[in-house]
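Please read them with the structure open beside you.

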Amino acid sequence: MAFGVVNASSRSSSSLSATVETKTAEAGGSSSAAPSAAVDPKLNKLRELMAASGVDAFIVPSDDPHLSEYSATCFNRREFITGFKGSAGTAVITQTKALLWTDGRYFLQAEKELGPDWTLMRAGQPGTPTIQAWLAGNVAEGGRVGVDPLVHSATFASELSAELGKAGVSLSPLSPQDPNPVDQVWGEARPPLPDGPLRVHPLKYAGESVEAKLEKVRAELARAKAAALVVCALDEVAYLLNVRGCDVAHCPVAIAYALVTRDAATLFIDAAKLPDDVRAHLTAAGVAVRAYADAVPAVAALAEGGARVWVDPARVNSAAWGAVPAAQRVTEATPLSMAKALKNEAELAGMRAAHVRDGAALSEFLCWLEGEVRGGRRVSEVEVDEVLSTRFRAARPLFLDLSFPTIAGAGANGAVIHYRAEPGACGAVDDTVMFLLDSGAQYEDGTTDVTRTMHFGAPTAAQRRAYTLVLKGHIGIDTCVFPEGTPGCAIDAFARRALWAAGLDYAHGTGHGVGASLNVHEGPHSISPRPGNATPLKPGMIVSNEPGYYLAGEFGIRIENLLEIAPAGMRNDALARDFYAFRPLTLVPIQKALIDAALMTPEELDWLDAYHARVWEEVALHVSEDGGARDWLRRATEPIQR
């Protein structure tokens with residue numbers, strides 16, 4: 001699934017840059033102007049609450065208290081107030097303006113979903129302000145910018161406060177007893193906190209016990225001279241304690257915090273969500289349970305006792321950060337982020353096995369879809385999602401859920417990078433259109449994410465050329481060998497070289513980390529042209545490889561495999577550096593009918609044939625012979641005609 005943007009992030013971070021596309025007016029002007037009557041009554045009510053509290057602007061991010069990319073519905077405040085359903089974006093509301101920043105993955109979607117009150121701020125375009133700079137330039141001196149400290153990272157809040165201070169504007173965080181004003185507007189219609197049960201993630205898939213993980217954390221605490229580590233991110237809580245939840249759609253996590261000290265560990269969660277086996281699992285590992293609402297007060301209590309507390313400013317919310325005096329903070333990156341990213345052998349084995357089963361499910365589905373279309377039927381995008389999910393993927397052993405909402409985009413819908421088909425308003429797949437399918441699954445032993453683009457009729461020469469250039473970029477990443485210490489930004493150009501040579505590009509990152517039966521997007525690593533992420537790519541990490549090309553109003557192309565990073569078997573002794581390489585986890589045929597072989601080098605064609613030979617070898621025995629699926633797979637993986 002496409003992740004990140006080329007020049008900016010739309011999350012609430014210090015790198016949030018944007019450009020302005022106004023639908024009705026320029027986005028400037030002092031916020032001290034008289035309130036504007038909005039078409040949307042939600043905005044009018046929010047502005048009344050802002051005025052009553054003396055706040056000139058209020059920021060509504062996508063984040064929940066755990067800074068999650070995907071949140072439980074009760075935390076989808078930005079979606080509620082804007083109507084924009086994309087997973088990334090930040091809204092700023094003043095008495096006269098309503099603005100939404102989002103990144104290149106969502107420009108087309110935001111244009112469709114935002115109402116007339118809203119101005120779209122296009123992240124990554126040149127010559128435009130950051131959120132911080134816009135507020136500093138548009139809120140009058142002496143004004144106040146309101147934030148909910150539970151849903152902003154410490155980094156964002158600190159840097160926003162500094163930027164505003166230069167302009168004589170103050171940051172005004174809500175106090176613990178104050179409700180979020182968006183919640184007040186939402187009222188009784190706001191969904192409740194989810195109450196689904198947790199489950200134990202078996203040791204045979206986790207590969208390491210809770211006790212062993214806690215021991216490693218405590219060794220890091222000793223090294224950093226810290227008394228405690230605050231664990232805020234939901235996937236880090238799940239990873240550390242070998243539990244999984246169902247509080248966030250398609251993400252097997254539970255709403256919870258964890259706190260690890262030198263001699264104790266505590267899970268802060270609604271205890272009603274813990275079945276007996278989970279309670280026993282936690283007790284055996286020495287993990288206590290306290291109420292979810294006790295988390296930030298518990299951090300404050302430690303700090304009041306003089307403890308040095310480890311709070312990663314990028315991974316904890318501003319409320320938890322503010323509970324620890326500056327002199328007592330340890331501000332290194334949390335050790336759990338890298339530990340989670342470096343998969344152990346059991347996790348890697350589970351990921352490999354899950355991808356074989358998933359490849360079989362996709363192969364059977366693609367055989368079915370091609371048969372339907374070639375038989376003259378138009379298959380709706382919604383039906384594509386339903387059939388793939390419920391008939392083919394759900395039938396596979398250890399299937400739990402999708403790993404994200406399926407992106408099934410026919411024709412022009414494929415150019416909407418995170419498109420979501422809706423009943424009654426969706427397109428259809430037939431033999432006249434390009435079709436982009438980005439989908440994935442959660443299995444008990446692993447997580448998948450795969451994109452294929454196809455055409456079941458006669459693609460144009462321009463479509464075949466664009467597809468082939470994207471494939472060349474995909475192969476460029478897959479075959480890359482790189483030295484120890486290399487960050488993803490150093491190799492991103494391998495994915496774009498062929499496109500750049502033709503004057504083309506794509507407005508998202510090339511690769512994101514993926515969890516092991518956890519979130520489909522995880523860090524700290526990525527492959528992106530943004531130099532801000534200097535995390536080196538290391539063996540044991542899993543990363544997606546998904547270059548693309550999108551022609552608005554016509555079609556979209558993306559080819560995505562998940563890759564396992566492994567030693568390349570080479571070392572430069574003079575530099576004392578090992579070299580690493582990629583190995584595909586995803587095992588799904590790449591459609592040959594869209595390839596212009598004349599644009600490929602012999603080595604690239606050899607790669608394609610070798611990849612398809614491996615798909616056949618590992619997947620064929622898992623594909624049913626009923627309905628001709630195995631014969632379809634055989635044809636799909638035959639060597640390409642040269």
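1. The model is predicted. The values in these points are therefore computed from a predicted model, with local features taken where pLDDT is at least 70.

2. Most residues other than glycine have a negative phi, and most peptide bonds are trans.

3. Lysine 225 is not a glycine, yet its phi is positive, at about 55°. To find the residue, look in the loop that runs between helix 8 (210-224) and strand 9 (228-231). Lysine 225 has a relative accessible area of 61%, and exposed means over 50%, so lysine 225 counts as exposed.

4. Asparagine 242 also has a positive phi without being a glycine; the angle is about 50°. The loop that holds asparagine 242 lies between helix 9 (234-241) and strand 10 (243-244). Is asparagine 242 buried or exposed? Its relative accessible area is 3%, and the cut-off for buried is under 20%, so asparagine 242 is buried.

5. The peptide bond between glycine 523 and proline 524 is cis, with omega about 10°. Proline 524 is part of strand 26, which spans residues 522-527.

6. An unreviewed UniProt entry places the feature "domain: Peptidase M24" at residues 350-565.

Notes
Residues are numbered from 1 along each chain as its sequence is written. This is a predicted model: local features need pLDDT of at least 70, side-chain atom pairs count only at pLDDT 80 or more; totals for chains, interfaces and linings use all residues. Side-chain values use heavy atoms; hydrogens and water are left out. Helices (H or I, at least four residues) and strands (E, at least two) are DSSP runs, numbered from the N terminus. Buried means under 20% relative accessible area, exposed over 50%, partly exposed in between (1.4 Å probe, protein chains only). UniProt positions are given in the numbering used here, feature names are shortened, and annotations may be inferred rather than shown by experiment.
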